[in-house]
Amino acid sequence: MGRKFFVGGNWKCNGTTEEVKKIVTTLNEAKVPGEDVVEVVVSPPFVFIPTVKTLLRPDFHVAAQNCWVRKGGAYTGEVSAEMLVNLGVPWVIIGHSERRQILQETNEFVGDKVAYALSQGLKVIACIGETLEQREAGTTAAVVAEQTKAIAAKVSNWDNVVLAYEPVWAIGTGKVATPALAQEVHVDLRKWVHDNVSAEVAASVGIIYGGSVNGGNCKELAGQADVDGFLVGGASLKAEFVDIINSATVKKN
């Protein structure tokens, strides 16, 4: 099992300079396992990236929440992969359900964005997941496979990709996929990668879970064999994010 536990904190569209400094202070003072046990990445809004990069402890890394699908230019309001690389930002989140749902990003568009970000040397947290309607219709496996297929079609090297399974119905709702349910989807996903990409990639790619993860449920979720970590929303703005990072030790036991 060569997969390192991965915990990402997605701060979304939240924060002031003061609040951001406060979160960073909490993280800097936190006692957590070393980088050999867990990789920690936090994703502030674009405007706070330089502040966070300057202040954050060196064993934690920074991710952007999005980037443009190709080289920069006349794309008002967008941020290019090249700009992130120039700032020394190693990671980017792509295809988050909020961008798929609200901003209508298609599977193909997300696939193109993942490919371009990788081509510029960024590491990518690629998000996939089904809505409540799709879950209730019993099409979870098909939806997640379709989303993953669009990414796999454009990616030849998976070394810098983490897949984040985020059931849309569990994001910010307080509803959490039970550990067994999360494990079930992760197993299906890994099998899809095994059958459609390669056995090697299936064994090595990190598949993390996102959707109302908190200090109370993280250990049980972390205990699932195919849950390789978390992408955390609301709780990443609170002190309990440290508990979530520490749930990585469950894998060691």
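## Basis

The model is predicted, so local features need pLDDT of at least 70 and side-chain atom pairs count only at pLDDT 80 or more, while totals for chains, interfaces and linings use all residues. Residues are numbered from 1 along each chain as its sequence is written, and side-chain values use heavy atoms, with hydrogens and water left out.

## Nonpolar cores

The largest nonpolar core holds 71 residues. A nonpolar core is a set of buried Ala, Val, Leu, Ile, Met, Phe, Trp, Tyr and Cys residues joined through side-chain atoms within 4.5 Å. Buried means under 20% relative accessible area, exposed over 50%, and partly exposed in between, with a 1.4 Å probe and protein chains only. Tyr-209 and Phe-230 touch the most other members of this core. Apart from it lies another core, of 11 residues, including Phe-6, Ala-63, Cys-127 and Leu-231. In soluble globular proteins, nonpolar side chains tend to be buried together.

Contact means heavy atoms within 4.5 Å. Neighbours within four places in sequence are left aside for Tyr-209. Its partners include Tyr-165, Pro-167, Ala-170, His-186, Leu-221, Phe-230 and Leu-231.

## Helices H5 and H7

Helices (H or I, at least four residues) and strands (E, at least two) are DSSP runs, numbered from the N terminus. Helix H5 spans residues 107-119, and helix H7 spans residues 140-152. They pack at an angle of about 40°, with their axes 7 Å apart. Axes are lines fitted to C-alpha atoms, for helices over the stretch in contact, and angles run from 0 to 180 degrees between N-to-C directions. H5 and H7 are therefore oblique to each other. Angles under 35 degrees count as roughly parallel, over 145 as roughly antiparallel, 65 to 115 as roughly perpendicular and the rest as oblique.

On the H5 side, the residues are Asn-107, Glu-108, Val-110, Gly-111 and Val-114. They meet Glu-146, Gln-147, Ala-150 and Ile-151 in H7. By class, this contact has four nonpolar, three polar and two charged residues. Ala, Val, Leu, Ile, Met, Phe, Trp, Tyr, Cys and Pro count as nonpolar, Asp, Glu, Lys and Arg as charged, and the others, Gly among them, as polar.

Phe-60 is in strand S3. It is buried, with a relative accessible area of 5%. Beyond four places in sequence, Phe-60 contacts Leu-27, Val-32, Val-40 and Ile-245. Its C-alpha atom is separated by 27 Å from that of Gly-111, 51 residues apart along the chain.

Arg-57 sits in the loop between helix H2 (49-55) and strand S3 (60-64). It counts as buried, at 16% relative accessibility. Leaving aside neighbours within four places in sequence, Arg-57 contacts Leu-27, Asn-28, Ala-30 and Val-32.

## Other loop residues

Most residues other than glycine have a negative phi. Lys-12 has a positive phi, near 55°. It lies in the loop between strand S1 (5-10) and helix H1 (17-29), and counts as buried at 19% relative accessibility. Gln-104 also has a positive phi, near 60°. Its loop runs between helix H4 (97-102) and H5. Gln-104 is exposed, with a relative accessible area of 58%.

Asn-217 is in the loop between strand S7 (206-209) and helix H10 (218-222). It counts as buried, at 15% relative accessibility. With neighbours within four places in sequence left aside, Asn-217 contacts Val-176 and Ser-212.
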